[in-house]
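Student: Before I rely on any of the labels attached to this protein, could we go through how each one is reached, setting the value beside its definition?

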Amino acid sequence: MGGEDAIFSWFKSAKPVEDTTPMRDRLDALERRIRHVEEDWTEVYNKFRTLQMRVAKQVQRLDKNSSQEEPQGGSDGETQLVDSGLPGAGSSLSPRMQRIQNQILERRRRGSPAGAVVKEGGE
């Protein structure tokens, strides 16, 4: 029975626990802040997913539209323009503008005509 007395004497001799209220308050405040950050992160993540889905749908629509327009190209030059992946190629140009663009590209491939002055950078 001496062992039991030793255990109980330790409990009796133990110092009283300090007031943990300030630490508990700090812990509660930190937990609230963490919950708030988690909520903010969830909101931001959901907005990102929505934006990503919109972009993916737009890319699908553009791919679908471009794949439908490629076979409809009338001349080889127009088909080359669509296949070249140049900005402004495809449906954003009128047929007249596509012809002009093709002529410009042909001149560039052959080199500028004699006597033509080529200016770059808007000078």
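Tutor: Let us begin with what counts as a helix here: a helix is a DSSP run of H or I with at least four residues, and helices are numbered from the N terminus. Just after H4, Gly111 takes a positive phi of about 100 degrees. Please keep in mind that this is a predicted model.

Student: What makes up the secondary structure of the protein?

Tutor: There are 4 helices and 0 strands, so that the order of elements from the N terminus on reads α-α-α-α. Buried residues account for 5% of the 123 residues in the protein, and the accessible surface comes to about 11,300 Å², with 55% of that area belonging to carbon and sulfur atoms.

Student: How do you know that the span of helix H4 is close to the expected one?

Tutor: Helix H4 covers residues 95-110, which is 16 residues, and from its first C-alpha to its last it reaches 23 Å, whereas 22 Å is expected at 1.5 Å a residue.

Student: Which residues of H4 are buried, and why are they said to be on the same side of H4?

Tutor: The buried residues of H4 are Gln98, Asn102 and Leu105. They cover an arc of only 65 degrees around the axis, and therefore they are placed on the same side of H4. The face of H4 turned away from that buried side carries Arg96 and Arg110, which are exposed.

Student: Why is the pair of Trp41 and Tyr45 called tilted?

Tutor: The count of aromatic pairs comes to 1. The ring centres of Trp41 and Tyr45 lie 6.3 Å apart with their planes at 35 degrees; since pairing needs centres within 6.5 Å, and planes under 30 degrees apart would be stacked and over 60 edge-to-face, the pair is tilted. Both residues lie in helix H2 (residues 21-69), where Trp41 and Tyr45 are 4 residues apart, about one turn of the helix.

Student: Why does Trp41 count as exposed, and why does Tyr45 count as partly exposed?

Tutor: The cut-off for exposed is over 50% relative accessible area, while buried means under 20% and partly exposed is in between. Trp41 has 56% relative accessibility and therefore counts as exposed, whereas Tyr45, at 42%, counts as partly exposed.

Student: What makes the contact of Lys47 and Glu43 a salt bridge?

Tutor: The N to O distance between the side chains of Lys47 and Glu43 is 3.5 Å, and because the rule asks for a side-chain nitrogen of Lys or Arg within 4 Å of a carboxyl oxygen of Asp or Glu, the two meet in a salt bridge. Lys47 and Glu43 both lie in helix H2, 4 residues apart; Lys47 is exposed at 56% relative accessible area, and Glu43 is partly exposed at 44%.

Student: How many salt bridges are found in the whole structure?

Tutor: The search finds 2 salt bridges, one of them between the side chains of Glu106 and Arg109, at 2.2 Å from N to O. Glu106 and Arg109 are 3 residues apart in helix H4, and so are separated by about one helical turn. Glu106 counts as partly exposed because its relative accessibility is 33%.

Student: Which residues form a nonpolar patch on the surface?

Tutor: The patch is formed by Ile7, Phe8, Trp10 and Phe11, which together have about 500 Å² of accessible area. Among them, Ile7 has its place in helix H1 (residues 2-13).

Key
Residues numbered from 1 in each chain as written. Predicted model: local features only at pLDDT ≥ 70, side-chain atom pairs only at ≥ 80, totals over all residues. Heavy atoms only, no water. Patch = residues over 30% accessible without salt bridge, like charges linked within 9 Å, V, L, I, M, F, W, Y side chains within 5 Å. Areas by Shrake-Rupley, 256 points an atom, 1.4 Å probe, with all protein chains shown as cover. Helix = DSSP H or I, 4+ residues; strand = E, 2+ residues; numbered from the N terminus. Buried < 20%, exposed > 50% of the residue type's maximum accessible area, 1.4 Å probe, protein only. Expected span 1.5 Å × (residues − 1). Arc of directions from axis to C-beta. Phe/Tyr/Trp six-rings, centres within 6.5 Å; stacked < 30°, edge-to-face > 60°.
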